[in-house]
Amino acid sequence: MKEKVIIGLSGGVDSATAVHFLNEAGYEVVGMTLKMLPDKIEAACSAGEGFRVCCSREAVMEARICAMKLGIPHYVVNCSADFQSGIIDYFIREYLDGRTPNPCVFCNQKIKFKFMMEYAEMMGAKYVATGHYADTGYSEKYSRTLVRKPADASRDQSYMLCMLPLEYIEKILLPLGRYTKPETRKIAADLGLIVANKPDSQEICFIPDGDYQTFIRNSSGSAETAMKPGKIVDARGTVLGKHAGIINYTVGQRKGLGLTSKEPLYVVKIDALKNEVVVGLESEAKISRFTVCGMNWFAGAPPAEDDEYTVKIRYKHRGSVARLKKIGENDFEATLLVPEKGVTPGQILAVYDGDWLLGGAVIK
Amino acid sequence: MENTRTDSLIYLDNNATTPVLEEAAAALNGALRSTYGNPSSYHRAGMAAGYVIEKARASVARLIGAAAPEIIFTSSGTEANNTAIYGTIGRIMSSGGKSGPANIVTTGVEHHSVSNAVKAVCSGGGISVKRAAISSECKLEPEEFERLIDENTVLVSVMLANNETGAIFPVSEIGGICARRGVLFHVDAVCATGKIRYSVKDINCDLLSISAHKLYGPKGAACLYKKRGVEITPLFRGGHQEANLRAGTENVPAIAGFGAACDYFFNNIESSAAHYLKLKELFSAGIKKALPGATLNCSSGEALPNTVSLTLDFCDIHEVNAFMFNIDLAGVCVSLGAACSSMAKEPSEVLTAMGMSDIRAHSTVRVSFGVQNTEDEVLRAIRIMEEAYGKITRARKLRVQA
């Protein structure tokens, strides 16, 4: 009997084409679209460029058309309440606390893969698949299945999977791991899929226009301290200027501070309690040592103090070499061999050994 | 590749829609291919098409004990219901027949094409709505209408049978009350027609809606029965079709199929009903054994012979979804609530109006049998549902252990 796999269909070209590869590989493929956007946000999105929003009404329809075209059933599941409380509320809270969240990483952990795994369990499916550009494989060195970087390095989405629960790793299929985006689009076009030329989706699906400040203001009201103007200070506490509300700033940011100084100044810290943005020179903005919490480790024995890993400190980061020292149950001190700007609290540190994704943790 | 085949499915969702009868398909195809004329044309091509429509009109009228001129063809049951509600209210308001406050009396379990039309009519102000309560046993008391109707009531709208539960409502008694009180009475008979025999005379209604695709006719044809003498305004402005009450070129092929389906049920309704009832009893007895946690709703009162409303003991909406996906993957088609609200986030208003909790309403499956179903299909469906249910409960145990 064919092995059953549930694939998440966003209505985009990647997941639709992934269906084709699974069909070819001989699986019994079942498509599933999770409707995550709360109605109010979806309506606002659809009024603009709705078709570019994952899981909008249009996207669900496109997913359905592709599924039928590829001969698989397609079901729609609503998990917007969980998405609101688990992802959107977390996103807003993090900004109000002066941190810079990564909703996609946590959506994968708490919503997307979680729900599909639960459905897989209830529906007797052995695997859950997505159209992520990442690969899985068996690592001889670590004697286990791990996620690894895909063939298309420019599209590498393995970072987004670094907080998945360990038990998911053996159950995920990532059919696009061996293909480049242009190859995917070409195959989609050859298959006659209507989404072959559909534009790529945004990074934050619930804020399609990218204006997260307005989104947070509209969601939580302007009474929050984080919306209110405050002081921009340097490390010694000298007031250098005024800020427009801490939600507008990210650690490592240089532009848009409205300060005049001989040398460029960077945001080095956001102090939510004092409602202050702390700035400093490049030398102060570059740090090498920082703490990460809640280490999610796929690779068996925890990281050893002397081992060197490649780490990414944000999604599009090129990668740096770091050592990790255990300082608590799941907390580690990371030391970058070369200090860097933009070590941003709230963002995720993903840990690699070459192409293998070993784990992830939240930057404190 | 592309797969839209349905021949291997066990289709037990005949309240959502029905497969088209041979007789209806033949009539439809004939009209599609040969009587292509526009019924409004003076020439012989037009005449031929007009004749097809008039024959169908007579067939529909005969099935429900009406006269042919009392049938207005529409595109859908929704259009028929909207015409009934907007048409009567529009007429009353425009003729100045009513000054001061007005109200519509209906129930809390109507199809969206009635409840949302009533809501929209009332949103303009000046008209309010009163809804008769429904008991947890799906019963509607005619006396409640006696109480709710007052001197300002302009329309009463009640469905003949509820599409989600199959409960049959006492429309004849309500019709008697409306006649005595001089209030227009509309009956949504979309779900009931073809399953039980009735006559508009016995019901004593002024308006009644039917849709072809619920009785093994094609989609795209439906009608509003309008008793002679009752005045309504049309929904659309345009040509003179359907006695000036439904502008737009008639869907001749679909109407031809509608007529053929009505002929079939005029001759076969009792035997069809007996067939449904046999399947329903076989299913009800089997499913109670297979799924001990299941409850059969509205099983005590008068109900359609083909409809089973089954509440399962699921813990959350995702278990319900997974159950539905499992049985669908195994080839069994049924509904959660009504077809039009499937996979909705909100539970069925019909079931919650009957006092059901949200999760119980979410966990309610509607199984509706049709002329094409067999005992073997019913037995296979029970087995498939049992297996699907087992998968859910096993996964729940694993989740709890984790």
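**Reading the chains and their contacts**

Modeller: This is a predicted model. Where the chains meet, 18 residues of chain B are in contact with 16 residues of chain A.

Biologist: Which elements of chain B each supply at least two residues to the side that touches chain A?

Modeller: They are α10 (317-329) and α13 (375-401) of chain B. The largest share comes from α10(B), with eight residues.

Biologist: How do the residues on that side of chain B divide by class?

Modeller: Eight are nonpolar, five polar and five charged.

Biologist: What domains does the assignment give for chain B?

Modeller: Domain 1 covers 10-16 + 269-401, and domain 2 covers 22-264. Their centres, taken over C-alpha atoms, are separated by 29 Å. The contact between them takes 26 residues from domain 1 of chain B and 23 residues from domain 2 of chain B.

Biologist: Which elements give two or more residues to the domain 1 side of that contact?

Modeller: In chain B, they are α9 (252-290), β10 (307-311) and α11 (349-353). By class, that side has 14 nonpolar, 10 polar and two charged residues.

Biologist: Now chain A. How many helices and strands does chain A have?

Modeller: Chain A has eight helices and 17 strands. Its radius of gyration is 21 Å, close to the 21 Å that the globule rule gives for 364 residues, so chain A is as compact as a globular protein of that length.

Biologist: What share of chain A is buried?

Modeller: Buried residues make up 48% of its 364 residues. Among contacts in chain A with a separation of 6 or more, 65% join residues 24 or more positions apart.

Technical notes. Residues numbered from 1 in each chain as written. Chains lettered and ligands numbered in written order. Predicted model: local features only at pLDDT ≥ 70, side-chain atom pairs only at ≥ 80, totals over all residues. Helix = DSSP H or I, 4+ residues; strand = E, 2+ residues; numbered from the N terminus. Rg over C-alpha atoms; globule rule 2.2 N^0.38 Å. Buried ≥ 20, exposed ≤ 12 C-beta atoms within 10 Å, placed from the backbone. Contact = placed C-beta atoms within 7 Å. Nonpolar A, V, L, I, M, F, W, Y, C, P; charged D, E, K, R; others polar. Domains from an automatic or database assignment.
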